[in-house]
Amino acid sequence: MESFPVEIYEGLQHMSESVFVGLCEILGTSQQVALRRETEDIKDMMKRRLITYDENIEMLSGSQREGFRLEGSDLDYMFWPNNNRVIMDMSQSEYYNTANTALILSDSSESPPGFTLLQLLTPTTDRYVQSA
């Protein structure tokens with residue numbers, strides 16, 4: 001910011017502080033947001049310890065999962081079968097019993113950022129997995 005006159009620099013600094021205070025009033029402080037995020041992490045860990053092998057896993061995602069509480073924001077949930085495992089490398093397949101676990105290989109080497117190719121490696125009777 002060396003190229004700006006002192007008055008402009010001070011004005012920008014004041015405006016930045018005002019924006020930060022305003023965001024804290026809307027979203028909460030960075031500590032509050034981090035605490036909400038950590039609380040969701042703990043809830044997810046506890047749920048996973050209680051779920052049976054043939055049930056679905058549920059996970060909150062989106063802005064709520066990230067600790068933001070925005071008025072009018074929707075709730076985003078992800079669900080997936082507990083007996084499905086996504087692996088990133090074929091060598092990971094040796095750690096799973098494929099008789100009762102559907103293995104899905106994730107390959108993002110040819111995909112644009114944020115996308116991946118999923119390949120079902122084991123047969124499954126789950127029609128939702130088959131249709132994906």
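Trainee: Does Leu121 count as buried, partly exposed or exposed, and why?

Mentor: This is a predicted model, in which local features need pLDDT of at least 70, side-chain atom pairs count only at pLDDT 80 or more, and totals for chains, interfaces and linings use all residues. Residues are numbered from 1 along each chain as its sequence is written, and side-chain values use heavy atoms, with hydrogens and water left out. Buried means under 20% relative accessible area, exposed over 50%, and partly exposed in between (1.4 Å probe, protein chains only). Because its relative accessibility is 29%, Leu121 counts as partly exposed.

Trainee: Which residues does Leu121 touch, not counting residues up to four places away in sequence?

Mentor: Contact means heavy atoms within 4.5 Å. With residues up to four places away in sequence left out, Leu121 touches Ile87, Met90, Leu103 and Leu105.

Trainee: Why does Arg65 count as buried?

Mentor: Arg65 is found in helix H3, which covers residues 62-65. Arg65 counts as buried because its relative accessibility is 10%.

Trainee: With which side chain does the side chain of Arg65 make a polar contact?

Mentor: A polar contact is a pair of N or O atoms within 3.5 Å; within protein, one must be able to donate a hydrogen and the other to accept it, and residues adjacent in sequence count only if both atoms are side-chain atoms. A polar atom of the Arg65 side chain lies 3.5 Å from the backbone oxygen of Arg37. The side-chain partner, at 3.3 Å, is Asp44.

Trainee: In what order do the elements of the protein chain run from the N terminus on?

Mentor: The protein chain has 4 helices and 5 strands. From the N terminus on, their order is α-α-β-α-β-β-β-β-α.

Trainee: What is the radius of gyration of the protein chain?

Mentor: The radius of gyration is taken over C-alpha atoms, and the globule rule is 2.2 Å times the number of residues to the power 0.38. Along its principal axes, the C-alpha trace spans about 70 × 35 × 25 Å. A compact globule of 132 residues would have a radius of gyration near 14 Å, whereas the protein chain has 22 Å.

Terms used
Helices (H or I, at least four residues) and strands (E, at least two) are DSSP runs, numbered from the N terminus.
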